[in-house]
Amino acid sequence: MSSPTDTDALSMFQSAMQSLVGGLVAWFLTCALAGAAVTAATESSFEDVDWLWGLAWVWHLAVAGAGIWGLLVICIHVGCASALIQGTDHALRVLTIAFVTQLTCSAIVVVCVDSYLWQRVVLVWLTLGGVGIAYICGSYLSERRLRLARQAEESSTAPTASPRHWPPPSEQWGANSGWRTRPTGRGSSGSKRGVNEWKGTTYRSSRPRHFQ
């Protein structure tokens, strides 16, 4: 169960993402981290760490953009950056989608250029990409369960409609007798005749209802 401090920190993080500078910086750092992680797998040791690794994702994206499949990666990045700038309640999920997308793009480019490094690249992708995909799926499932629980709560607290009376009270039969009599006019003897109805069957009665 989250504490008030964690809730306030998450609220501040989402507010920081809902701006032009904050959204672009977060998206840029996420893509740079993904490209650097794949580039690090190509080195035999971490002694050759270079700050240019942070720009490796730009080269990876340019190589992917030279092919048709790179347009899909660009479209996903544009959608993620737009969501961060305009504001979203799931900033961490959007950043994870951008990270996994760039991680996949960089892995494909590196393997295509240096095919003998595919084992290292696959290991990095399975470690980082698997965690990211698991988080994305878990986030969607938890949101779906929360939405269904909220809908169930709203439907249980909604006021129920009053039952409709049928037939109308003016046409209901007596409580103790199922008979209903309606006038049909005066008979030849001057007495008023009636029609006795029972369960949809009409019987005519010659017995006068009123004595004159």
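## A guided tour by selection

Start by selecting arginine 93 and tyrosine 140: the arginine lies over the face of the tyrosine, 4.2 Å from the ring centre. A charge counts as sitting over a ring if NZ of Lys or CZ of Arg is within 6 Å of the ring centre and within 35 degrees of the ring normal.

Before moving on, a word on what is loaded: this is a predicted model, in which local features need pLDDT of at least 70 and side-chain atom pairs count only at pLDDT 80 or more, while totals for chains, interfaces and linings use all residues. Residues are numbered from 1 along each chain as its sequence is written, and side-chain values use heavy atoms, leaving out hydrogens and water.

**Zoom out.** Colour by secondary structure to see six helices and three strands, which run α-α-α-α-α-α-β-β-β from the N terminus on. Helices (H or I, at least four residues) and strands (E, at least two) are DSSP runs, numbered from the N terminus. Of the 212 residues of the chain, 28% count as buried; buried means under 20% relative accessible area, exposed over 50% and partly exposed in between (1.4 Å probe, protein chains only).

**Select Trp27, Phe28 and Trp57.** These residues form one aromatic cluster. The structure holds two aromatic pairs, where rings of Phe, Tyr and Trp (its six-membered ring) pair if their centres lie within 6.5 Å, and planes under 30 degrees apart count as stacked, over 60 as edge-to-face and the rest as tilted. How exposed are the members? Phenylalanine 28 is partly exposed, with a relative accessible area of 34%, whereas tryptophan 57 is buried at 5%.

**Select helix α3.** Ala56, Trp57, His60, Leu61 and Ala64 are buried here. An α-helix has 3.6 residues a turn, so residues three or four places apart point the same way. Turn to the face away from the buried side to find the exposed residues Ala62 and Ala66. Now show α2, α4 (70-86) and α5 (91-113), which are among what covers the buried residues of α3.

**Select threonine 39.** This residue is found in helix α2 and is buried, with a relative accessible area of 13%. Leaving aside neighbours within four places in sequence, threonine 39 is in contact (heavy atoms within 4.5 Å) with Trp53, Ala56 and His60.

**Finish in the cores.** A nonpolar core is a set of buried Ala, Val, Leu, Ile, Met, Phe, Trp, Tyr and Cys residues joined through side-chain atoms within 4.5 Å. Which of the 17 residues in the largest nonpolar core touch the most other members? Select Trp27, Trp57, Leu61, Leu84 and Cys105 to see them. The elements giving two or more residues to this core are α2, α3, α4 and α5, and α5 gives the most, with six residues. Last, pick Val38, Val100, Ala107 and Ile136, which are among the nine residues of a second, separate core.
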